[in-house]
Amino acid sequence: MFAQYTEFGAYGSVLRSKDACGGDLFRNEEHVGWKVGELLVKDRTLGAFSLHDNTSEAFIPLEGTAVLVVARKDDLSDQKSFLLDRPVIIEPSVWHGLYAPCGEVRMLILENSIVNMKKKTCMEGECHDQS
């Protein structure tokens, strides 16, 4: 059903508590300034994918458990789903989307202030570029 976090390395990295002590969690040398925001996830199914070509993005669960669906930029059909019960960093050029199978989820997100974003809407298993 859900992929194991040992497979997440192809899409980014999982933050562990020891990572929070000393050193940067992640760094993008090309840009300065990061945005911090709270995301409320209410969708019971995957409604959209996002992709950032130029920066990483961190998802930190605050309340509830979401499902994170990821795919490589060149193959959206090869998706992996992770039960997002721990902080993760999505690498640049990875399609990613969230949904909340059991109620609302509060998520802290961190992304570069100069983010280049592409979106695809998904309905009944098919995804299309968002206009």
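A residue counts as partly exposed when its relative accessible area falls between the buried limit, under 20%, and the exposed limit, over 50%. By this cut-off Lys73, with a relative accessible area of 41%, is partly exposed. The model is predicted.

The protein chain contains eleven strands and zero helices. Of its 131 residues, 37% count as buried. The accessible surface comes to about 7,700 Å². Carbon and sulfur atoms account for 49% of that surface. Among contacts between residues at least 6 apart in sequence, 79% join residues at least 24 apart.

Side chains of opposite charge can pair when their charged atoms come close. Nine salt bridges were found in the whole structure. Asp53 takes part in a salt bridge with Lys73, with the closest N and O atoms 3.0 Å apart. Asp53 sits in the loop between β3 and β4, and Lys73 in the loop between β5 and β6. The two are 20 residues apart. Asp53 is partly exposed, at 25% relative accessibility.

Asp53 also meets Lys118 in a salt bridge, at 3.1 Å from N to O. Lys118 belongs to strand β10, 65 residues from Asp53. Its relative accessibility is 35%, so Lys118 counts as partly exposed.

Elsewhere, salt bridges that share partners join Glu38, Glu63 and Arg106 into one network. The closest N and O atoms of Glu38 and Arg106 are 2.3 Å apart. Glu38 lies in strand β2 and Arg106 in strand β9, so the pair ties together parts 68 residues apart in sequence. Arg106 is partly exposed, at 28% relative accessibility.

Terms used:
Residues are numbered from 1 along each chain as its sequence is written. This is a predicted model: local features need pLDDT of at least 70, side-chain atom pairs count only at pLDDT 80 or more; totals for chains, interfaces and linings use all residues. Side-chain values use heavy atoms; hydrogens and water are left out. Helices (H or I, at least four residues) and strands (E, at least two) are DSSP runs, numbered from the N terminus. Buried means under 20% relative accessible area, exposed over 50%, partly exposed in between (1.4 Å probe, protein chains only). Contact means heavy atoms within 4.5 Å. Accessible areas come from the Shrake-Rupley method with a 1.4 Å probe; for residues, only the protein chains shown count as cover. A salt bridge is a side-chain nitrogen of Lys or Arg within 4 Å of a carboxyl oxygen of Asp or Glu.
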